[in-house]
Amino acid sequence: MNKFFDFYSKEDLLHWDIAPETFIALIIIGVLIILSIVIFILAKRADPLKKPKGLLLVVEMMVEKFDDFAYGLMGKGFENFGGLLLGVVPFLFLSFIIGITGLPTPMASLNIPFTIALFAFAMIHFTAMRYNKFKYFKRFIEPLPFFLPINLISMWAPLLSMTLRMFGNALVGWVLLSLLNYVLEIASAALFSFMPSGINSIWFVPIATPLFHAYFDLVSGSIQTMVYMFLCCLLVAQEKPEEEEIEEKLALVKS
């Protein structure tokens, strides 16, 4: 500990720079953690013989919907995958729509969508190893061993595409809204030039931008969240062998 403080001065520790997007992401995570603790306490105190009410009822409905969604897309063997999605999707959705409040969206920082896409990437390869065991590594030398470099590069395609899709949508929305605000401020300042500087540029922005925020943050954020859920489920599910292959493997093990 002393070596740590010898390396970093007191001024450095008090002035660590945190990107606004990262700070908002930490706040969202904190809120979700507190909400999870509250739900846990409510669930522990709830009477299992009585119908849940209020927040607990909403959470149970969400869990059921997520489980049904995952099972409908992925089939047998993924009955509990909805619980994993429920741990990621609320953060993803809130990170997109938080921009409607005027705060910076965490999705406009590349490390946030990369981390969310990394979850799907990890689940893809975990599922592949779970079902194929050591034969998982055979995919990298198919159809011939000299395809190894190409297969290693293509392995990262889902991670790259999901990251850039979420980051690109958030960044485009932020750029367009920034340009719109700039144009409206100039138009307002020109029309109300008889007012003091600063006050004359604020009249058009509150009228026009809420509609665009509703689309780029709420509508687009909802669409991107659904796209992520579909892609995550489908990409993970395709790593599971067909039922016939599983039955053949079980027959071989029994024999």
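Good morning. I begin with the largest nonpolar core of this chain, which has 42 residues. A nonpolar core here is a set of buried Ala, Val, Leu, Ile, Met, Phe, Trp, Tyr and Cys residues joined through side-chain atoms within 4.5 Å. Buried means under 20% relative accessible area, exposed means over 50%, and partly exposed lies in between, with a 1.4 Å probe and protein chains only. Phe81, Ile116 and Tyr228 have the most contacts inside this core. Two or more residues are given to the core by each of α3 (20-45), α4 (55-74), α5 (81-97), α6 (111-132), α8 (157-191) and α9. The largest share, 10 residues, comes from α6. As a general remark, nonpolar side chains in soluble globular proteins tend to be buried together.

A word on the origin of these values. This is a predicted model, in which local features need pLDDT of at least 70 and side-chain atom pairs count only at pLDDT 80 or more, while totals for chains, interfaces and linings use all residues. Residues are numbered from 1 along each chain as its sequence is written, and side-chain values use heavy atoms, with hydrogens and water left out.

Let me turn to the chain as a whole. It contains 10 helices and 0 strands; both are DSSP runs numbered from the N terminus, with helices being H or I of at least four residues and strands being E of at least two. Of its 255 residues, 32% count as buried. Among contacts with a separation of 6 or more, 66% are between residues 24 or more positions apart, where contact means heavy atoms within 4.5 Å. The chain exposes about 17000 Å², and carbon and sulfur atoms supply 72% of that area, computed by the Shrake-Rupley method with a 1.4 Å probe, where for residues only the protein chains shown count as cover.

Leaving aside neighbours within four places in sequence, phenylalanine 81 is in contact with Ala70, Met74, Met123, Cys232, Cys233 and Val236.

Next, two of the helices. The expected span of a helix is 1.5 Å times one less than its number of residues. Just after α6, lysine 133 takes a positive phi of about 55 degrees. Helix α9 (residues 205-237) has 33 residues and should span 48 Å; its end C-alpha atoms are 46 Å apart, which also agrees.

With a relative accessible area of 38%, leucine 218 is partly exposed. Leucine 218 touches Phe93, Ile97, Ile100 and His213, not counting residues up to four places away in sequence. Its C-alpha atom is separated by 8.8 Å from that of phenylalanine 93, 125 residues apart along the chain.

Finally, I consider asparagine 151, in helix α7 (residues 148-154). Is asparagine 151 buried or exposed? Asparagine 151 is buried, because its relative accessible area is 16%. A polar atom of its side chain lies 3.0 Å from the backbone oxygen of glutamate 142. Beyond neighbours within four places in sequence, asparagine 151 is in contact with Arg139, Phe140, Ile141 and Glu142. Thank you for your attention.

Methods. A polar contact is a pair of N or O atoms within 3.5 Å; within protein, one must be able to donate a hydrogen and the other to accept it, and residues adjacent in sequence count only if both atoms are side-chain atoms.
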